[in-house]
Amino acid sequence: MTDSSAPSPADRRAPFAEPQHLPHTPTPDPLADPLAEPAMAAQHLAEAVVAAGAVAVEMFRAGVKSWSKHNDSPVTEADIAVDRMLRERLGRLSPTYGWLSEETVDEPSRLARRRVWIVDPIDGTRAYMAGGSDWCVEAALVEDGRPIAGALFAPLTEELFIAVRGGGATRNGQPIRASQAGTVSGALADGPAPWLNHIDGRIAPLAPLRRVTRIRSLALRIARVATGELDAAFASPNGHDWDLAAADLLVHEAGGRLTTLDGLALAYNAPVPRHGALVSAGPRLYPSLLDAAR
């Protein structure tokens, strides 16, 4: 983890807007799926993650109770409570959709569903436990392997991110766009130190990447690319669907990219919902950044 004197993008706060600032959604046909339109699904997701964020904050104030999972990653009572809340709330909207969450035992039946809710109750659990601001609640609706609606809520920075396939991306009701930086040298980036060091080695003797204090939530790291606060972000192998689905749609709808090192878009709801190393950047920087990352 590498720190710098540059302020963390997580510290750049925007005024918080309540979910009524969501994009207009058409009145659904009561005989059809009420979530047929991605914008309607995004509205429900936004309301759900805001409510879930409030639960997580309240539970933190009451005292964090945590333990380690089988892979030594931490989990808290809030992770479990938020997971249950989201499943109950989203499940009521459309009981026929599949479900995939970090804190729920995987159900193979999801593989037979065209649409699947993909949820991370608290992305950045270590940051949450430490009282940091770089954690969020995120949820997405995936259709045929790609996200069509997504929402991220970072309670402590009061930021609500919403994305709709073909409908753009917003933060607190305001449209966001990825950075237009065009050169790797001097680009503002975040990610695992080995990846940043690798890039610096590839572009030497040009100016190295500018680094920020590590954003511990992978979803928020990618969201900062979507807002243009970061020019680039990297992810180590083994990121899961729940870490990525909502942020993936967010950055793409903001004009940026998130792909594998082979330049491929991510496919969600696979039997093993895990991904390799990833790179995210604005549209002008992405080709040269991808080349340097390989």
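1. Strand E7 (residues 159-164) runs antiparallel to strand E8 (residues 168-171), and 4 bridges join them. Strands here are DSSP runs of E, at least two residues long, and helices are runs of H or I, at least four, numbered from the N terminus; two strands pair if DSSP finds at least two bridges between them. Phenylalanine 161 has arginine 171 of E8 as its bridge partner. With 3 residues between them, E7 and E8 form a hairpin, and glycine 166 in its turn has a positive phi of about 75°.

2. This is a predicted model, in which local features need pLDDT of at least 70 and side-chain atom pairs count only at pLDDT 80 or more, while totals for chains, interfaces and linings use all residues. Residues are numbered from 1 along each chain as its sequence is written, and side-chain values use heavy atoms, with hydrogens and water left out.

3. E8 also pairs with strand E9 (residues 174-175), antiparallel, over 2 bridges. Arginine 171 has glutamine 174 as its bridge partner in E9. E8 and E9 form a hairpin with 2 residues between them, where asparagine 172 in the turn has a positive phi of about 50°.

4. The chain's mean pLDDT (the predictor's confidence in each residue, from 0 to 100) is 90, and 89% of its residues reach 70 or more. Over residues 1-30 the pLDDT is below 50, and this stretch has 59 contacts in the model beyond near neighbours in sequence, a contact being heavy atoms within 4.5 Å.
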